[in-house]
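Here is a briefing on a two-chain model. It takes the interface first, then each chain's build.

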Amino acid sequence: MTAVIATSGLTKRFGRTNAVSDATFEVAEHSICGLLGRNGAGKSTLMNLISGQEFASSGEVAVFGENPVENAPVLARTCFIKESQAYPEGFKGKHALRAASWIFPHWDHELAAELVDEFSVPMDRLIKKMSRGQRSAVGVVIGIAARADLTIFDEPYAGLDAVARQLFYDRLLQDYSQHPRTILMSTHLIDEVADLLDHVVVIDNGRLIMNESADELRGTATTLAGKHSEVQRFAEGRDVLAWDALGGLATVTIVGLTDDERREALEAGLEASPVSLQQLIIGRTRGNQREENAS
Amino acid sequence: MDDDRPIFLQIAEQIEGQIIDGSMPEETQVPSINALAAFHRINPATALKGVNRLVDTGVLYKRRGIGMFVAEGARAALVAQRRDSFRSEYVRPLVAEANRLAIGGEALVDMIRQEAAK
């Protein structure tokens, strides 16, 4: 596996806060990696470090094997789409797309025209007069049509409705299948993108708390429901993400149940249900906060 | 995909299911990786992993430059395999539930006979 992004002990301090703290992870070539976490967890800072827009306080980041800061050959292969993208005064939709077509060597004009049509991007409107959804659509069209070797999307969907978001996922997947590239995407809508991801990085308070293949994460947690005493018996000595009880009934979300144990639980009259990636991450990030409050 | 087991397993099981129920006969071509990925809205690498699993177990085979095909004898092998796990996956939970409801062994067998005769 070739790593397109590799960080080691990467840290970014703003004053006394660590926005990103000792982050070490890799993103393999041609993978779709989800960068997930709560607001203010450090996702955007991490993306800014990877795209060379911020200097690291300590630690290292390598993109295509090199430091991305002021590195023209690396940045020419990188496309960074973010919600807060600023455009030059007086720029219309068509200007943004034309500029992108000059910058990105693999730019596909035909694809861009199709996407502009599908997302109804108003090419002749000033970008500052566009709605949030229309501005996001400009970013999404550029992100897909640029076919950059490394494409970074920082919450690209702001203001896009459910139909437009589905269109974005479908078109991204379709073009990625034909022209594989490395994609790093941050999002809150975890369940919407879960099936697209092959790797998941979760950041919480600037620290990485998960860095795993999406397939391994799926099915790692199970929710058991049933008689209080039986549920308790199964939960004992395990990694418990959530616990709830009501009278004689209880539910518990636990990690690492084997197939045999699962069968045993069913035979004991418990109901087992899967835990979505989103629920798993909520459980993990909430758990960390609890620990902090306790200490 | 619907539940939260690894998606590549679900892809493999779905293709197996189609081979068992006859909608994908032996020697027919399996949809391409990209078609599977687009249809299920999943990462193509995941679709590939599911299909490769079936290649490893000999259910599918590769014709270079053309695609994946259902192997001869695949259906019989899959049916045998599913029969092996039938007892633990279906019969045991059935008996456990019957016990909870105090349905005796004889009554349960009668019920199964009646259903099978329908």
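Two salt bridges are counted between chain A and chain B; a salt bridge is a side-chain nitrogen of Lys or Arg within 4 Å of a carboxyl oxygen of Asp or Glu. This is a predicted model: local features need pLDDT of at least 70, side-chain atom pairs count only at pLDDT 80 or more, while totals for chains, interfaces and linings use all residues. Residues are numbered from 1 along each chain as its sequence is written, chains are lettered from A and ligands numbered from 1 in the order in which they are written, and side-chain values use heavy atoms, with hydrogens and water left out.

**Polar links across the interface**

- A:D215 forms a salt bridge with B:K49. Their closest N and O atoms are 3.4 Å apart.
- Seven residue pairs are in polar contact across the interface of chain A and chain B, both residues at pLDDT 80 or more. A polar contact is a pair of N or O atoms within 3.5 Å; within protein, one must be able to donate a hydrogen and the other to accept it, and residues adjacent in sequence count only if both atoms are side-chain atoms.
- On the side of chain A that touches chain B, the elements giving two or more residues are α6 (162-178) and α10 (259-267) of chain A. Helices (H or I, at least four residues) and strands (E, at least two) are DSSP runs, numbered from the N terminus.
- α6(A) gives the most to that side, with five residues.

**Extent of the interface**

- 22 residues of chain A are in contact with 22 residues of chain B; contact means heavy atoms within 4.5 Å.
- The area buried between chain A and chain B is about 1,700 Å², and carbon and sulfur atoms give 47% of it. Buried area is the accessible area (1.4 Å probe) that two parts lose on being put together, summed over both.
- In chain A, A:D195, A:D215 and A:R218 lose the most area to chain B, together 35% of what that side buries.

**Build of chain A**

- Chain A has eleven helices and 13 strands.
- Its C-alpha trace spans about 65 × 40 × 35 Å along its principal axes.
- Among contacts in chain A between residues at least 6 apart in sequence, 68% join residues at least 24 apart.

**Domains**

- Chain A is divided into domain 1 (3-216) and domain 2 (220-274); bounds come from an automatic or database domain assignment. The centres of these two domains of chain A, taken over C-alpha atoms, are 38 Å apart.
- Chain B is assigned domain 1 (7-74) and domain 2 (85-117). The C-alpha centres of these domains of chain B lie 34 Å apart.
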